[in-house]
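Subject: Structure handover

Hi,

Here is the structure I promised to send over. Please open it next to this note; my findings follow below.

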Amino acid sequence: MIVGKHTSEYELRILGTSGFLSGTAGGTAITDSTFNFYSAANRNQWYYVAYVFNDAANFHALYRNGVVAASGANSGTVSNQATEFWIGRDPQLNSATFFGRLDEVRILSRALQTSEVAGDYNDLR
């Protein structure tokens, strides 16, 4: 787990043994199955990842290094849960520890445009 509150709200994680990046909002998930973060060539590297959920447009997208890695429709409804927001561990199950370093974690109250995500990546690298 990179960040999360509840699957009915939002979470960003690297999936179990597959090493794929996945984002969830309102119970609807999207996964980038084109890149394995666990492969030997990808370990010990710096990556910029982002997950954007646009409720008004029923859309969500995953970004890797400022570029859209996966996107699709999301008509899920985010419902407030009593679960706490955690960074680096699954708050629902108290498991799925993120073994790595996290920096510049941000939760915004609006959906970023693709150009804003790319700009963020370029500013941070």
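Tyrosine 47 counts as partly exposed, at 22% relative accessibility. Here buried means under 20% relative accessible area, exposed over 50%, and partly exposed in between, with a 1.4 Å probe and protein chains only. Tyrosine 47 forms an aromatic pair with phenylalanine 37. The pair is edge-to-face, with 5.2 Å centre to centre and 80 degrees between the planes. Rings of Phe, Tyr and Trp (its six-membered ring) pair if their centres lie within 6.5 Å; planes under 30 degrees apart are stacked, over 60 edge-to-face, and the rest tilted. Phenylalanine 37 is buried, at 10%. Both residues sit in the loop between strand 4 and strand 5, ten residues apart. Together with Phe35 they make one aromatic cluster.

Before the rest, some ground rules. This is a predicted model: local features need pLDDT of at least 70, side-chain atom pairs count only at pLDDT 80 or more, and totals for chains, interfaces and linings use all residues. Residues are numbered from 1 along each chain as its sequence is written, and side-chain values use heavy atoms, with hydrogens and water left out. Helices (H or I, at least four residues) and strands (E, at least two) are DSSP runs, numbered from the N terminus.

Aromatic pairs

The structure holds six aromatic pairs. In one of them, tyrosine 10 and phenylalanine 85 have ring centres 6.2 Å apart and planes at 45 degrees, so the pair is tilted. This pair links distant parts of the chain: tyrosine 10 is in strand 2, phenylalanine 85 in the loop between strand 7 (67-73) and strand 8, 75 residues apart. Tyrosine 10 is partly exposed at 25%. Phenylalanine 85 is partly exposed too, at 32%.

Five strands form an open sheet in the order 4-3-2-1-8, with antiparallel pairing. Strand 4 (28-32) and strand 8 are at the edges; each has a single partner, so one side of each lacks a neighbour in the sheet. Two strands pair if DSSP finds at least two bridges between them.

- Strand 1 (residues 3-4) pairs with strand 2 over two bridges. Valine 3 stands opposite leucine 12.
- Strand 2 pairs with strand 3 over five bridges. Isoleucine 14 faces leucine 21 there. The two strands form a hairpin with six residues between them, and glycine 19 in the turn has a positive phi of about 75 degrees.
- Strand 3 pairs with strand 4, also over five bridges. Serine 22 has threonine 31 as its bridge partner, and leucine 21 stands opposite aspartate 32. This hairpin has two residues between its strands, and glycine 26 in the turn has a positive phi of about 60 degrees.

How enclosed is strand 3? Five of its five residues are buried, so strand 3 is largely enclosed by the rest of the structure. Leu21, Gly23 and Ala25 point one way, Ser22 and Thr24 the other.

Cores and patch

A nonpolar core is a set of buried Ala, Val, Leu, Ile, Met, Phe, Trp, Tyr and Cys residues joined through side-chain atoms within 4.5 Å. The largest has 13 residues; Ile2, Leu12, Leu21, Tyr51 and Leu62 touch the most other members. Strand 2 (10-14), strand 3 (21-25) and strand 5 (49-54) each give two or more residues to this core. A second, separate core has eight residues, among them Ala50, Ala61, Tyr63 and Tyr121.

Salt bridges

A salt bridge is a side-chain nitrogen of Lys or Arg within 4 Å of a carboxyl oxygen of Asp or Glu. There are seven.

- Arginine 13 meets aspartate 90 at 3.0 Å, N to O. Arginine 13 is in strand 2 and aspartate 90 in the loop between strand 8 and helix 1, 77 residues apart. Arginine 13 is buried at 16%, and aspartate 90 at 4%. Glu11 joins these two in a salt-bridge network.
- Arginine 106 meets aspartate 120, also at 3.0 Å. Arginine 106 lies in the loop between strand 8 and helix 1 and aspartate 120 in helix 1, so the pair ties together parts 14 residues apart in sequence. Arginine 106 is partly exposed at 41%; aspartate 120 is buried at 19%.
- Glutamate 116 bridges to arginine 110, with the closest N and O atoms 2.7 Å apart.

Best wishes
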